[in-house]
Amino acid sequence: LVDRRRMLLLTQTWMAAAALVLAALTLLGFTTPWLLLTLTFLLGLGGALNNPVWQTVTAELVPRSELPQALALNSVSFNLARAFGPALGGLLIGYASAGAAFLLNGLSFLATIYMVWRWQREPQATSELAGERILAAIRGGIRYARFAPPVQRILVRGVCFTFGASALLALMPAVVARQLHLPTSFYSLLLSCMGAGAVLGALVLPRLNRRLTIDWRVSLATAVFGLGLLGLAYSSSRPLLMALLVLVGLAWMLVLNSFSVGVQTV
């Protein structure tokens, strides 16, 4: 329905605007809990529209044989941000203010907007068929998945994994604050460990791809992730929790990369 380059420009501009409005309101002292939730919701909405386009664009930019490595490299940038972002955000809030952290977030979108604007996309073959409407396209996607067993298996395993894995990010702040009685800085440190583990996962991914099938990678990484969740639930040792979160980040990277590659290759 929409040119991918234009869609990326739209979603990135949307998220930049939401982040900059949040920064301006915070710096001026006008932010309320409801405004914060609303603008965060708008950021998430932009991300939901942006991410599928971003993933499909990756397949346009590299040969099919290099797709797994390209997707892993794409994830590295996100997880480097997860590794160093909490520390940088903490420093900004400590030495400046929360508004300054929001402002830096908003400005960071401008670099992506510039790079997408510079991208000279190859002309795409035009179809003689009329473009689908949104609901018809959604029904078509569901119908395709219904009659494509490989896609079904990836979707089922993806839902099963993310349903359990979501407990980590949802409950980790509560565990750190209420169960371990540790400061917010330790929560940021755990996020950094998780991001570092994901970067490590991207580095070992090519070797694992050669030695293990996609089923074995997903099964092994899911088991490691489960052990990390158990450690978070029952351990109070800081070094052990940090080590476990590195393994959790590595496992998260392997599972999501495997699912993404699986969908794009079938």
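Modeller: pLDDT is the predictor's confidence in each residue, on a scale from 0 to 100. We're looking at a predicted model here: local features need pLDDT of at least 70, side-chain atom pairs count only at pLDDT 80 or more, and totals for chains, interfaces and linings use all residues. Residues are numbered from 1 along each chain as its sequence is written, and side-chain values use heavy atoms, with hydrogens and water left out.

Biologist: OK, what is the mean pLDDT of the chain?

Modeller: Start with the share of residues that reach 70 or more, which is 96%. The mean pLDDT of the chain comes out at 85.

Biologist: And which element has the lowest mean pLDDT?

Modeller: Elements here are DSSP runs, numbered from the N terminus: helices are H or I with at least four residues, strands are E with at least two. Helix α1 has the highest mean, 94. Where pLDDT is low, the predicted coordinates should not be read in detail. The lowest mean, 74, belongs to residues 67-95, that is, helix α3.

Biologist: How many disulfides does a search of the whole structure find?

Modeller: To count, a pair of cysteine sulfur atoms must lie within 2.5 Å. The search covers the whole structure, and the number of disulfides is zero.

Biologist: Is C193 buried or exposed?

Modeller: Buried means under 20% relative accessible area, exposed over 50%, and partly exposed in between (1.4 Å probe, protein chains only). C160, at 57%, is exposed. C193 has a relative accessible area of 10%, so C193 is buried.

Biologist: Let's go into helix α1. Which side chain makes a polar contact with the side chain of Q12?

Modeller: Q12 sits in helix α1, residues 4-28, and is buried at 5% relative accessibility. Contact means heavy atoms within 4.5 Å, and beyond four places in sequence Q12 has contacts with N50, W54, F109, T112 and I113. At 3.0 Å, the polar partner of the Q12 side chain is N50.

Biologist: What separates the C-alpha atoms of R6 and V116?

Modeller: R6 also belongs to helix α1, and its relative accessibility of 61% makes R6 exposed. Along the sequence, R6 and V116 are 110 residues apart. In space, C-alpha to C-alpha, the distance is 8.7 Å.

Biologist: Moving to V57, how far are its C-alpha atom and that of R4 from each other?

Modeller: V57 lies in helix α2, residues 33-61, and is buried at 7%. Beyond four places in sequence, V57 touches R4, L8 and W119. V57 and R4 are 53 residues apart along the chain, and their C-alpha atoms are separated by 7.3 Å.

Biologist: Are α5 and α6 roughly parallel or roughly perpendicular?

Modeller: Axes are lines fitted to C-alpha atoms, for helices over the stretch in contact, with angles from 0 to 180 degrees between N-to-C directions. Those of α5 (residues 134-146) and α6 (residues 149-179) come within 7 Å and cross at roughly 100°. Under 35 degrees counts as roughly parallel, over 145 as roughly antiparallel, 65 to 115 as roughly perpendicular, and the rest as oblique. So α5 and α6 are roughly perpendicular.

Biologist: Which residues of α6 make that contact?

Modeller: On the α5 side, the contact uses Y144, A145 and R146. On the α6 side, the residues are V151, Q152 and L155.

Biologist: What's the phi of H181?

Modeller: H181 is found in the loop between α6 and α7 (184-211), and is exposed at 64%. Most residues other than glycine have a negative phi. H181 is not a glycine, yet its phi is positive, at about 55°.

Technical notes:
A polar contact is a pair of N or O atoms within 3.5 Å; within protein, one must be able to donate a hydrogen and the other to accept it, and residues adjacent in sequence count only if both atoms are side-chain atoms.
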